[in-house]
Amino acid sequence: MLRLAAPEGRYELKSFFDRLITPLSCSLVVESQDIRLAAGSLAHSIYTTPAISEKFNCSYSLSSRYGELFATGGMGLSGHSEDGEVRIVELADHPFFLAMLFQPQLSSTKEHPHPVICRFLTQARNQALI
Amino acid sequence: MCASKVAIGVIGDFDETRPAHLATNRALDHGSAALFTEFEIVWLPTKELETEDGLESFQHFSGLWGAPGNHASSLGMIRAIQVARQRHIPYLGT
């Protein structure tokens, strides 16, 4: 696991994350964007397709300076935009740790519950049985 | 069907004027119905997660969901995600 020394104080922490997180060159507020999924990833196993389109409501992204560092530290970069920006990250050494810049809840419906949310809830239900 | 409710903690300061927060609750209902499972949904204000005492409640949760938006405490949000990672609690970040 990559260990970046995150400071304890609230203001120092904000400065720390301001370096990791950068404003998107093009804000994705209430827009859909295509995302390529990495083969063999948790994200790919959920969607079962190599490319997806999801609704964003976000203006920030992981700084490209840190993407490779995160990957070498054990964080899988499992979803990218067409221009190569990181959109989904996950941890392999964890029962279920999946984070994304888009909001799957925005496209969930009663008739079509979102597969990411269903997988998360299934994993939580399994966890409750342990 | 589970005999008791499965507890999900939603890390974030719920704001009923934010469509994404309302969508989070609705999506949890959709998933609950699809899985034939009752989930207990508890929103967790981020300021309360800055301390060890605030994070103690996490033993109760079988899953943690990081809600979208700007929250009152980035520190609380980060600490909560750290606990999810270290204690191997299923985590979904949106």
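Predicted model: local features only at pLDDT ≥ 70, side-chain atom pairs only at ≥ 80, totals over all residues.
Residues are numbered from 1 along each chain as its sequence is written, and chains are lettered from A in the order in which they are written. Local features need pLDDT of at least 70, side-chain atom pairs count only at pLDDT 80 or more, and totals for chains, interfaces and linings use all residues.

**Exercise 1.** Find the order of the elements of chain A.

Step 1. Count them: chain A has four helices and five strands. Helices (H or I, at least four residues) and strands (E, at least two) are DSSP runs, numbered from the N terminus.

Step 2. Read from the N terminus: α-β-α-β-α-β-β-β-α.

**Exercise 2.** Describe the side of chain B that touches chain A.

Step 1. Count contacts (C-beta atoms, placed from the backbone, within 7 Å). Here 29 residues of chain B meet 32 residues of chain A.

Step 2. Find the main contributor on the chain B side: α1(B) gives the most, with ten residues.

Step 3. Sort the residues of this side: 16 are nonpolar, eleven polar and two charged. Ala, Val, Leu, Ile, Met, Phe, Trp, Tyr, Cys and Pro count as nonpolar, Asp, Glu, Lys and Arg as charged, and the others, Gly among them, as polar.

**Exercise 3.** Work out how strand β5 of chain A pairs with β4(B).

Step 1. Apply the rule: two strands pair if DSSP finds at least two bridges between them.

Step 2. Count the bridges: β5 (residues 97-100) of chain A and β4(B) have three, in the parallel sense.

Step 3. Locate one facing pair: F97(A) stands opposite Y91(B).

Terms used
Contact = placed C-beta atoms within 7 Å.
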